[in-house]
Amino acid sequence: MDYEPVIGLEIHVQIKTRTKMFTAAPYAYGAAPNTLTDAVVLGLPGTLPVLNHTAIEKCAQLGLMLQCEIAEVCKWDRKNYFYPDSPKNYQLTQNEQPLCIGGKVEIELPGPSRNVEGEHRWVTLNRIHLEEDPGKLTHESFETVIDFNRAGVPLAEIVTEPDLYSSTEAVSFLNALRQLIVYAGISDCDMEKGQMRCDANVSLRPKGTDTLGTRTEMKNLNSISNVRAAIEYEIRRQTEILEDGGSILQETRRWDAAKSESFSLRSKEEAHDYRYFPDPDLMPVLFPRERVTELGAELPERPLDRQRRYQKDFELPYTLTSVLCPERELCEFFEAALLEHSAPKAIANYIANDLLRELAEASEHGQSALSISQCPLTPAHIASLVRVIDEGVISKQIGKEVFSEMFRTGNMPEVIIEEKGLKQSNDSGEIEALCQAAIAGNAKAVAQYKEGNAKALNALKGPVMKATKGKANPAMLDQVLRKLIDEG
Amino acid sequence: MSDLHFKTIAELAAALEAGDTTSVMITQAVINRTAAVEDKVKAFLSSDAEDALAQARVADERRTAGQSLGPLDGIPIGIKDTLAVAGQPLRCASKMLENYVSPFDATCIAKLREAGAIIYGRLNMDEFAMGSSTENSAYQTTANPWDLETIPGGSSGGSAAALAAGQAIATIGTDTGGSIRQPAALCGVVGMKPTYGLVSRYGLVAFASSLDQVGPFSRTVEDAALLLQAMLGKDPLDSTSIAPQGETDYATALREKKGPWKLGVPKEFFGEGIDPEVKAQIEKAIDWYKAQGSEIIEISLPHSDLSVPVYYIVATAEASSNLARFDGVRYGHRSPEANDALSLFTKTRGEGFGDEVKRRIILGTYVLSSGYYDAYYLRAQKVRTLIRRDFEDAFEKVDAILTPTSPTPAFRRGERSDDPLSMYLSDVYTISVNLAGLPAISVPAGFTESGLPIGLQVIGPAFGEADMFAVAQAFEQDHEYYKATPTL
Amino acid sequence: MTEKPHIDIDYVANLARIDLSGEEKAKLGTQLNDILGYFEKLNAVDVEGVEPMAHAHQIDNVWRTDDEPGPTYGPEVLTEMSPESRDNQVVVPKVVE
Ligand SMILES: [Mg+2]
Ligand SMILES: [Zn+2]
């Protein structure tokens with residue numbers, strides 16, 4: 001029998017706030033252990049939580065970005081379970097009435113090659129709720145040590161419906177999700193820093209049926225490659241069991257990235273009885289509809305919407321939009337340049353190819369990874385460069401040189417052209433003289449051209465370009481050569 | 001002045017103002033009295049005489065400099081061991097918090113300090129405020145100063161007994177189901193529980209968050225008013241605290257409010273289970289009000305017989321979660337037997353908690369557990385709504401409600417220790433007030449033939465403290481039971 | 001609550017993470033079953049359509065708006081109160097999930 005995997009994801013995303021979810025203690029990645037605590041973080045006797053409004057608003061924006069319905073009322077519940085990293089031994093979360101309901105995310109599946117757009121589809125979400133992160137355990141040989149710095153950091157838990165059907169779809173979904181969240185400035189989603197963590201529920205069912213099989217829950221998938229590997233492992237594991245006539249045990253499994261296998265943590269029977277109940281210390285949050293509208297208005301266009309618009313309005317090819325659109329800063333850079341000089345394709349090319357290459361090289365040369373916001377060039381640089389090329393001031397060829405110089409010095413192209421005397425030569429007398437010399441010096445090429453080999457002309461252009469240091473107007477050169485040979 | 005330790009705050013404030021005494025003299029008097037009677041009463045878990053005298057000297061210097069902070073400035077006030085005072089032990093009379101010292105002040109303590117009060121000593125209580133007799137302290141049992149063989153009531157038994165015995169000028173307690181009013185009644189002092197939210201709970205070690213309130217014990221209603229107005233106010237650290245509504249200069253208002261009033265007497269509070277002497281004395285008090293021109297209206301609180309089950313479900317459920325933080329990880333007791341993560345919790349908690357606390361945690365865990373939540377916890381929350389509605393209906397017709405505070409006078413030590421249900425039933429007159437979030441006060445209303453105090457409870461509508469105080473004070477000033485002191 | 005209430009002490013004590021002796025379990029079991037029996041009273045009330053009451057007062061939107069970092073404790077506040085610590089971290093017996 002053929003089986004079809006059905007996958008649901010639960011993604012925890014750290015919301016970018018300066019302070020914690022229920023107290024004003026700050027959070028910063030990499031701080032010395034237990035330096036970012038206060039009485040509330042440590043769950044000292046007598047402490048009480050107070051909501052961080054910024055976290056609520058950012059989570060609502062996340063919900064809007066993911067096309068959720070923002071609840072008019074959301075409430076806080078306690079999830080009771082004992083664990084040494086949990087200062088109160090209950091987690092403040094939203095069980096009954098979460099902030100964001102439903103939602104959907106558009107994803108792009110990989111195309112036949114990197115240069116070809118893949119199929120798009122929508123993945124349905126169940127909900128997004130806010131909760132607090134616990135502290136961090138480090139397991140040593142005989143003991144465990146605890147750092148409570150992370151405790152109380154605001155997390156949005158995004159829960160999908162079981163609406164993904166392969167590891168590839170899961171990965172596409174995570175990439176789309178990450179782009180949306182980073183775009184909206186809600187989180188940096190750096191999985192290495194624990195800003196985005198993923199649990200995967202996997203079940204199998206016979207192809208063509210639509211009831212869900214027994215699922216297992218995989219924890220601790222803290223990189224995209226882990227997500228892919230763990231899901232594929234689990235699909236194989238379940239397939240083997242089912243093919244051997246066995247049945248799947250509902251359980252929680254932990255992915256061991258080092259061994260590339262998962263192992264069982266606990267079965268359903270041992271699953272926690274969390275004794276959720278409304279938190280008596282926190283009051284409900286009412287979300288006025290006007291505020292929802294305001295928050296929505298602050299949000300950027302979604303990456304795939306932008307990509308569609310670029311392809312339609314600017315006729316940009318997928319090879320360019322697939323580079324620009326996933327990154328909001330690149331798009332904004334592009335759009336700003338476009339305001340100064342309306343040449344979308346040329347500008348997009350400079351950004352997607354030259355600029356990104358220079359940035360990558362700059363970061364390879366010891367400097368930390370450069371992002372576009374740290375780059376010495378402004379949209380005006382690129383726009384001006386394209387403009388001088390379009391106006392025939394310099395050739396495309398010289399443009400490459402000007403670009404490198406711009407990136408190195410930060411000077412505007414006009415300045416560089418002036419300083420280096422790179423202005424294109426439009427002196428037809430000089431060009432004609434040089435062309436005549438070239439024709440005289442290469443009879444073979446002239447003959448070939450006359451026989452119909454247009455490419456032979458290049459052999460004549462070379463010496464002219466060399467003599468003018470590349471500044472000869474290429475169009476004029478071509479025209480003069482043809483005229484001279486045809487007339488001669 | 002003689003017998004400074006038995007004076008009221010108002011009397012001492014006048015004497016301090018007149019220069020007839022000093023804070024050091026008052027504080028020393030209280031310290032001396034404690035030295036003399038503490039052996040018999042055992043109200044204090046600890047006290048730091050030097051620290052109290054140092055605070056008193058500062059208060060005296062302030063006064064000399066003409067910078068007195070008001071009527072509480074220089075008055076020594078005892079604190080129940082469930083309120084956090086920076087640098088002092090905070091044990092909640094539990095072995096679980098054996099060596100714990102709070103690094104911060106509760107908001108109510110900070111406010112008392114701002115008013116100049118001398119924060120003096122840690123007063124005994126039932127462990128984690130669970131009990132009605134102070135027999136559940138892990139450290140000592142406190143005696144009722146009126147009869148050392150009887151209990152002082154609870155859970156704030158130390159606060160009531162210390163005040164009755166002249167070991168403080170006033171004390172602070174907490175009231176979750178009657179824990180201020182019942183011991184006040186049993187020890188012949190005034191005890192007051194404010195409207196829920198009026199006094200911040202920040203720094204009060206939570207027992208049942210939706211019921212807990214901080215309140216004063218004092219010799220007179222006026223003193224209670226002075227203490228409450230110093231402690232109240234919306235606190236940014238307690239999301240359930242509320243900005244006071246209406247008059248909050250209660251002490252001044254008391255001089256104007258003289259009645260007559262419409263006073264409700266709930267028939268359900270005079271049925272079975274009430275001690276005949278208590279019943280007779282409270283009926284006499286009601287007759288007095290009638291004779292003074294107040295209208296006595298028989299009212300019904302039809303769901304009051306359900307208040308005990310509702311209370312013991314809601315309170316234990318919240319407690320089971322609130323007390324989860326006592327786990328031996330970050331502070332307090334840790335079992336020396338703990339050898340893995342599970343036994344760290346189970347052994348620590350098995351050793352650290354006393355019987356009553358275990359009983360309530362188990363009960364509260366059960367009513368929230370899978371399969372029982374709806375039948376117990378959710379249902380209790382709904383009946384709680386009905387109980388509150390009963391009071392709302394009653395306050396349509398009356399200004400205040402009169403009831404006995406406790407169905408019986410102080411009982412003998414050990415009498416109910418093995419029968420938790422009968423102990424729970426002794427809270428029957430006080431707990432519905434907590435469930436409804438209302439203010440109530442107990443004032444001395446005479447003595448039994450054997451010389452045990454009896455308390456009259458006056459219940460007001462939400463934020464109706466000003467009138468509630470006035471009703472209570474009218475009776476108090478005409479009877480002056482507070483002038484009687486126990487012989488020790 | 002239609003059947004006679006019965007509390008599974010072992011299950012609940014495990015949830016509550018409290019180690020109880022056999023004697024404690026027996027005694028608690030009897031006492032709690034008595035108490036639960038008394039709670040049966042609640043079944044007599046009609047609560048159809050009644051809103052559950054989670055807070056004493058209905059207030060909402062209580063929050064901190066500024067997101068400005070407040071004071072923090074140095075690690076010594078925690079390590080001084082904790083039963084065991086090393087290098088500014090709290091030490092517990094090895095946690096094996
Ligand atoms: Mg989850
Ligand atoms: Zn979560």
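**Notes on the contact between chains C and B**

1. B:Lys358 and C:Glu24 form a salt bridge through their side chains, at 2.7 Å from N to O. The term denotes a side-chain nitrogen of Lys or Arg within 4 Å of a carboxyl oxygen of Asp or Glu. The rule finds 4 salt bridges across the interface of chain C and chain B.

2. The model is predicted: local features need pLDDT of at least 70, side-chain atom pairs count only at pLDDT 80 or more, and totals for chains, interfaces and linings use all residues. Residues are numbered from 1 along each chain as its sequence is written, chains are lettered from A and ligands numbered from 1 in the order in which they are written, and side-chain values use heavy atoms, with hydrogens and water left out.

3. Chain C contributes 53 residues and chain B 70 residues to the contact (heavy atoms within 4.5 Å). About 5200 Å² is buried between them, 70% of it from carbon and sulfur atoms; this is the accessible area (1.4 Å probe) that two parts lose on being put together, summed over both. In chain C, the most area is lost to chain B by C:Leu42, C:Met53 and C:His57, together 13% of what that side buries.

4. 4 of the 5 residues of strand 7 (residues 262-266) of chain B are buried, so this strand is largely enclosed by the rest of the structure. Buried means under 20% relative accessible area (1.4 Å probe, protein chains only); strands are DSSP runs (E, at least two residues), numbered from the N terminus.

Terms used:
Buried < 20%, exposed > 50% of the residue type's maximum accessible area, 1.4 Å probe, protein only.
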